[in-house]
Amino acid sequence: MNKFISIVAVLITCLSTNVLANEDIVDYDKFFQEYYEAKVKTQQPNASKEDLEHYLSFLTDDVGNQHFPNAPDDSREPDGKEMMRKGMTRYLGVHTGYDSKLIEYIVGYNSIAFKHSFSAKGLRSDGSEFSYSKVVLDVIELENGKVSVIRRYGK
């Protein structure tokens, strides 16, 4: 009887471990497509606060955000998401035109790197016009199914 109980206990442990391990599996392709689409929507001329909140829903509360070479610090702050909300809200809807093209992406364990180009034009708060085009590499790190660190490499 003890052997039977031991075998059942081992089987339950193995099955439980397998089920728990499978819960951590992220469909990186699906996650990335949804993340990228949400990110692009925040830059459109008609971007709304709802678009911004949808994008922010992909991020951890303590997300770190780093843009080389201008912001070399990737520290995760307890209010990282709130800081991004404040920063992105200032620019919400300032674009009169925005285009983005995904060039390529690659996934790794809890990370996604993607190269993309984008161009924007719009009006600053003082009424002056701006326009720019960039090609950048972004690397996002995931933790518990959410973006915990964003790193942008590009000028």
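Me: Which residue takes a positive phi in the hairpin of S2 and S3?

Reply: That is asparagine 110, with phi near 55°, in a hairpin that has two residues between its strands. Keep in mind that this is a predicted model, where local features need pLDDT of at least 70, side-chain atom pairs count only at pLDDT 80 or more, and totals for chains, interfaces and linings use all residues. Residues are numbered from 1 along each chain as its sequence is written, and side-chain values use heavy atoms, leaving out hydrogens and water.

Me: How do you know that S2 and S3 pair?

Reply: Strands here are DSSP runs of E with at least two residues, helices are runs of H or I with at least four, and both are numbered from the N terminus. Two strands pair if DSSP finds at least two bridges between them. S2 and S3 (residues 111–123) have twelve, in the antiparallel sense, so they count as paired.

Me: Why are S1 and S2 said to stand at the edges?

Reply: The open sheet has five strands, ordered S1-S5-S4-S3-S2, with mixed pairing. S1 (59–68) and S2 (95–108) each have a single partner strand, so one side of each lacks a neighbour in the sheet. From one strand to the next, the twist averages 20°.

Me: Why is the packing of H2 and H3 called left-handed?

Reply: A crossing is left-handed if the near helix is turned anticlockwise from the far one by less than a right angle, and right-handed if clockwise. H2 and H3 have a left-handed crossing, so the anticlockwise case applies. They pack at an angle of about 150° with axes 8 Å apart; axes are lines fitted to C-alpha atoms, for helices over the stretch in contact, and angles run from 0 to 180 degrees between N-to-C directions. Tyr35, Ala38, Lys39 and Lys41 of H2 touch Asp51, His54 and Tyr55 of H3, where contact means heavy atoms within 4.5 Å.

Me: What makes three of those contact residues nonpolar?

Reply: Ala, Val, Leu, Ile, Met, Phe, Trp, Tyr, Cys and Pro count as nonpolar, Asp, Glu, Lys and Arg as charged, and the others, Gly among them, as polar. The contact of H2 with H3 thus has three nonpolar, one polar and three charged residues.
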